[in-house]
Amino acid sequence: MSKQQLGSEREFTDSLLTVTDLKKYYPVKGGILRRRVGDVKAVDGVSMEIHTGETYGLVGESGCGKSTFGKTITRLVESTDGSIIFDGKDITQLSKSEMNALRKDIQIIFQDPASCLNPRMNVRQLIEEPMSSLTDWSQEEKNKRVHKLIKDVNLSVEHLSRPPHEFSGGQQQRIAIARALSVEPKLIVADEPTSALDVSVQAKILNLLKNLQAEYNLTYLFISHDLSVIKHICDRVAVMYLGQIAEESPTQKLFEAPKHPYTKALLSSVPKIGGFQDDRIKLQGTVPSPENPPSGCRYHTRCQEYIGEICEEEVPKLKTIGEDNLCACHHY
Amino acid sequence: MTLLELKNLHVRFKTRAETVYAVNGVNFQVEENQVLGVIGESGCGKSVTALSIMGLLPSPPADIHQGEILYKGTNLLDLSEKELNRIRGNEIAMIYQDPMEALNPSLKIGFQVMEPLLTHRDISKADARERAIKILNECGLADAERIMGQYPHSLSGGMQQRVMIAMALITEPSLLIADEPTTALDVTIQAQIMDLLDNLRNDFNTSMVFITHDIPVVSGISDRIAVMYAGKVVETATVEQFMENQLHPYTQSLMKSIPKIGDTAEELPIIEGVVPTFDQNPKGCVFASRCPEYLGPECDNETPRLSVPTDAAQGHETACHIYADEYLETVSKPTDQTIAQTEEK
């Protein structure tokens, strides 16, 4: 495969994952009888299409539902409503055994590698485990693959016999990546894979993820709160706010000409070297509770471009602006 | 006037199994009404330095085996626990990274904010309460009276961090040590907290040691920058000098490895290898094993001194042998700066 082009210059057409109106509500129980008194609407009607080979970024503040979304499409949590079509199959409808057959194709990398690697296993066992439980490959095949993977993630064969606690955070994340790659997945959900790491280590992991994508033709759903990381690695980005997508756009366009007021505010909050930009949009307050989200446009309570009653009353739909930019705002 | 001066501070941790040298000769000064930004990656000893200023390192295992911490001319290391208690929380206050862990979950916010005042000042409870409400308001918590009666868990991360800042500022300390105060927060909340710290600094004339790994964040608030690596300060400069050019090879590599929003590079430049840990007092330059500009044996054997290379602006110090020739020239033709430094040492 040829060296991939940067960012939005790459083009993808084959749809790998299509999510339609996905919802995940967590019940809130109260009263003496512990009855259901409300819902935390963690993900509330998210639709997106991810193409084979691309890196799709999902960005938002804590509590906006981006991690819940990642867990829902891997079916680590069950969705409340909506469909997730992966490779032609609706995975929300699959039985447990059918889903297990599909797990091989969707793998996930978590934020904190230390807490997702079993401390009682050595690196060889850790990388081998997904292959043993999800495939019927022979031991010889598995061994060969472990040796290839450990070199792919820039560790050496001598490391295989060691337990995970002997490694630094960056090395542990490499092991977690090798583990996710072991079963030849098509889609990798990377949930804040570099947030726990130092910048110099983060740079190494980001480079590694890019190289592996080129080598194995991987598709990433890259979840992060760090806009500069998203900018660096993603082809398209969706900005999430309170369980809904506010804007989706090719990376270059999103950073050059953000459309949604929330995206504008978020981008201007990122500190640059030398301090904040002078015309920073100052957001007041914090994200409202997803248990009782504001009516109409969910962003209207903090919006700097508030128009009037329409913002409070009518929920803005995600509309196409220009060629490939989606935005949910009454301005458009 | 120099408010705080660290002179050749060494901290090691002794356990039965091993001894780890965490801080290996840190020197820096904080002037009155100045913000010093301390930058470094995890494991570089920046938090250990902060905790040793506050006298909060448990000993054993911690052992400050060399150096001085001078606060207004007094060496804090010589003070008894009782004397130290008169200073910390009163004249020197600290903000921690994770407010959820630093606030007591079983005490109401009001009690925790009033506590430093009731401990250090002769003040009635009613006055302390009034003062606490005022400071919570100043820290951007509009509904202070209600918040006083709540427990930490019912507040969001950003609000908890504001409570911690209020707690630290209630005694109007002359020095505030902030250890990664915005790392646990979202960018929009981080921007709010940074604005708050900047305003408070102007209102209260507080000096600050601002510790972080996030260079963009620190560059907005600091007057001076100190870069730490493996328990040593490798470069110090004013913020303007630092932004213009970095002298030490480590600082140069670190700046390159940050993904920038305006940047379109395909691969991020990286620093090969990992931060070393030391089981003895390190010899030579601590960055030698990873340095892209490694010169030879002098890097391994001789510890470079923190000083100003001739071409550099005044006050821009670095500890690296690549500027060695320039050092010699500085010695033969001493500038005011180097004379001042020699006298201090």
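Helix 6 of chain A, in this predicted model, is mostly covered, with 10 of its 13 residues buried. The helix runs over residues 169-181 and reaches 18 Å from its first C-alpha to its last, close to the 18 Å expected at 1.5 Å a residue. Its buried residues are Gly170(A), Gln172(A), Gln173(A), Arg174(A), Ile175(A), Ala176(A), Ile177(A), Ala178(A), Ala180(A) and Leu181(A). These residues pack against several elements of chain A, namely strand 6 (106-109), helix 3 (113-116), helix 4 (123-134), helix 5 (139-152), strand 7 (187-191) and helix 7 (199-216).

## The sheet of chain B

In chain B, 7 strands form an open sheet with mixed pairing, in the order 6-7-8-3-9-10-11. Strand 6 (92-95) and strand 11 (317-318) of chain B stand at the edges; each has a single partner strand, so one side of each is left without a neighbour in the sheet. Within the sheet, strand 3 (residues 35-39) and strand 8 (residues 207-212) of chain B run parallel and are joined by 5 bridges. Across this pairing, Val38(B) stands opposite Ile211(B) of strand 8.

Two helices that pack on the sheet may be described next. Helix 1 (residues 46-54) of chain B touches strand 3, strand 6, strand 7 (175-179), strand 8 and strand 9 (224-229) of chain B. The direction of helix 1 makes about 145° with that of strand 6 of chain B. Helix 11 (residues 249-256) of chain B also packs on the sheet, where it touches strand 3, strand 9 and strand 10 (232-238) of chain B. The direction of helix 11 makes about 100° with that of strand 9 of chain B.

## Nonpolar cores

The largest nonpolar core has 65 residues, and those with the most contacts inside it are Ile165(B), Leu197(B) and Phe210(B). Helix 8 (residues 187-204) of chain B supplies the largest share of this core, 7 residues. Leaving aside neighbours within four places in sequence, Leu197(B) is in contact with Ile95(B), Ile165(B), Leu176(B), Pro181(B), Met208(B), Phe210(B) and Ile221(B). Another core, of 58 residues, lies apart from the largest one; among its members are Met121(A), Trp137(A), Cys234(A) and Val237(A).

## Salt bridges

Side chains of opposite charge can pair when their charged atoms come close. Over all chains, the count comes to 25 salt bridges. Three of these pairs are set out below.

| Pair | N to O distance |
|---|---|
| Lys148(A) and Asp152(A) | 3.2 Å |
| Arg236(A) and Glu248(A) | 2.9 Å |
| Lys72(B) and Glu91(B) | 3.4 Å |

Lys148(A) and Asp152(A) are 4 residues apart in helix 5 of chain A, which means that about one helical turn separates them. Lys148(A) is partly exposed, with a relative accessible area of 39%, whereas Asp152(A) is buried, with a relative accessible area of 15%.

The side chains of Arg236(A) and Glu248(A) likewise meet in a salt bridge. Arg236(A) lies in strand 9 (residues 236-241) of chain A and Glu248(A) in strand 10 (residues 244-250) of chain A, so the pair ties together parts that are 12 residues apart in sequence. Both Arg236(A) and Glu248(A) are buried.

In chain B, the salt bridge between Lys72(B) and Glu91(B) links distant parts of the chain, 19 residues apart. Lys72(B) is in the loop between strand 4 (62-71) and strand 5 (74-75), while Glu91(B) is in the loop between helix 2 (81-87) and strand 6 of chain B. Lys72(B) is partly exposed, with a relative accessible area of 41%, and Glu91(B) also counts as partly exposed, at 26% relative accessibility. Elsewhere, salt bridges that share partners join Glu54(A), Arg236(A) and Glu248(A) into one network.

## Backbone angles

Most residues other than glycine have a negative phi. Asp21(A), which is not a glycine, has a positive phi near 50°. Asp21(A) lies in strand 1 (residues 15-30) of chain A and counts as partly exposed, at 36% relative accessibility. Lys72(B), already described as a salt-bridge partner of Glu91(B), has a positive phi of about 50° although it is not a glycine. Lys72(B) is found in the loop between strand 4 and strand 5 of chain B.

Terms used. Residues numbered from 1 in each chain as written. Chains lettered and ligands numbered in written order. Predicted model: local features only at pLDDT ≥ 70, side-chain atom pairs only at ≥ 80, totals over all residues. Heavy atoms only, no water. Pairing = 2+ DSSP bridges. Contact = heavy atoms within 4.5 Å. Axes fitted to C-alpha atoms, helices over the stretch in contact; angles between N-to-C directions. Core = buried A, V, L, I, M, F, W, Y, C linked by side-chain atoms within 4.5 Å. Buried < 20%, exposed > 50% of the residue type's maximum accessible area, 1.4 Å probe, protein only. Expected span 1.5 Å × (residues − 1). Salt bridge = Lys/Arg side-chain N within 4 Å of Asp/Glu carboxyl O.
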